[in-house]
Amino acid sequence: LPLTRINRQKTIALYGIVSTVLLFLFTGLLSVCYAVIYTLLTAFIYPTIKQKLQGLWSLIPAALFLLCYQSFHIPVSLLEGFKPEEYLEIQLLPHYFLYYVWLQYSLLIIGVLAISGLFATFPTRHKGVKIFLSGCCLIVTLLFGKYCMPDQLDIQNRMTDELSYLAREKQWDTIINRYKGKPIQDYISLNYLNMSLAQKGVLAENMFAFDQKGAKSLVAPWNQSLYMDKLLCDIHFMIGDLSLAESYAMDGFTQSKRKGSARMMQRLGQISLLRGEKEVAKKYIDLLSQMPFYKEWAQQYAVYLRDPEKMQEEPELKHKRIPQPQQDLLLSLMSTDSLWASYDISNRIGWEYKGCYYLLDKQLDKFRQYLTDTAYPNNQPWPRHYQEAWLILEEADSTLTGKIQVQPDIRKSYQRLKQLMNSHSQSQNMQAIYQEFGHTYWFYYYFKQLKSQK
């Protein structure tokens, strides 16, 4: 806009120099991109040759900044922005990626200006050429726009980052409400959802009110990414599997950009405290105490170094212990439920996770043995989904009747379901069955076909 109001040659040159210098004070080496674009704009806007050449003056300070950037205490050259994206993302400073983005944007503007210049060189009667150039310009713009749009992996990583933040802040209700009444297409969302249900103490009560998709709904496969390291570290630490939580935390720390992850360092400090490794825990806590956002947390956990007994008052640490393995096997040769073999009712979350694993995988024989071996308090009702699964077992083996207390209303609901299933119009009643029993384990067990079961 200022260029349309400036006509004097000296003013055009002075405006280019001053604006480049001022922009350098606020944006650093990105002012070099501005100087190049300013030079091209003056060449296209002004009619006389002398006016067109005045934009070149803005390149003088730009060249000075580009060549002597270290003298201005700028750590990274603008030319680093031309390197591949895979290289830029792993660098310790954000300058690399910022340069990459703005250089791409500047090249797009320069391309548009160049095509505009080509338009001016063709007489108006060559409409075919102008249509061809306009089409090329449109195609380039669309391709660049598609390139700038996030791909499926970017969308998934952003969703995982958001869920990880909510889990770190313990906003379990927010995560649960996010998926109420909605289909869930990915295991990451299901893992965070089930972790939130477990933290609220309702995993074995309300899990099947959501769209579960097999045993991976509890623990998704590791895909060698930082995002899965954070998720699986949180899950295994929550249920008490400290060895696996430590391995995922260590891997996540090494995969993190910018010198590691404070979140993973927190987890490693907690595990070291639980192991009784005070010197190692002190190392992590001292490092976190130097970070403004983690200083308060570090001060709180420094107390546990002096008085370990107080760890039982910390919700995240109580009931956590190092289980003694009953067999010596490589992780790749062990089933998931064998990793949780030492959990009992005192570790409620770990105990429910293992039981729900059997339910999701429809391994009712193992589930029956698991409940039979549990010393469950007589004055507490069993979780609702456990009672629903037990009724299926009772139907297959009448000797199991009465071994576990099933509430009368649950038994009555199961009888109602069997009547609907045995009717001749079952296909017509499917919608009614879903409306009435879609939130139960029965519907999942009888009607939900997983890929591995087809």
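Is C233 buried or exposed? C233 counts as buried, because its relative accessibility is 0%. The model shown here is predicted. The protein has 454 residues, with 23 helices and zero strands.

**Overall make-up**
- Buried residues account for 41% of the 454 residues.
- The accessible surface of the protein is about 25900 Å². Carbon and sulfur atoms hold 58% of that surface.
- Take the contacts between residues at least 6 apart in sequence: 56% of them join residues at least 24 apart.

**Cysteines**
- The structure contains zero disulfides.
- C68 counts as partly exposed because its relative accessibility is 30%. That value lies between the 20% limit for buried and the 50% limit for exposed.
- C233, by contrast, is buried at 0%.

**Helix 8**
- Helix 8 covers residues 152–168, which makes 17 residues.
- From first C-alpha to last, helix 8 reaches 24 Å. This is close to the 24 Å expected at 1.5 Å a residue.
- The buried residues of helix 8 are N157, M159, T160, L163, S164, L166 and A167.
- An α-helix has 3.6 residues a turn, so residues three or four places apart point the same way.

Definitions and conventions. Residues are numbered from 1 along each chain as its sequence is written. This is a predicted model: local features need pLDDT of at least 70, side-chain atom pairs count only at pLDDT 80 or more; totals for chains, interfaces and linings use all residues. Side-chain values use heavy atoms; hydrogens and water are left out. A disulfide is a pair of cysteine sulfur atoms within 2.5 Å. Buried means under 20% relative accessible area, exposed over 50%, partly exposed in between (1.4 Å probe, protein chains only). Helices (H or I, at least four residues) and strands (E, at least two) are DSSP runs, numbered from the N terminus. Contact means heavy atoms within 4.5 Å. Accessible areas come from the Shrake-Rupley method with a 1.4 Å probe; for residues, only the protein chains shown count as cover. The expected span of a helix is 1.5 Å times one less than its number of residues.
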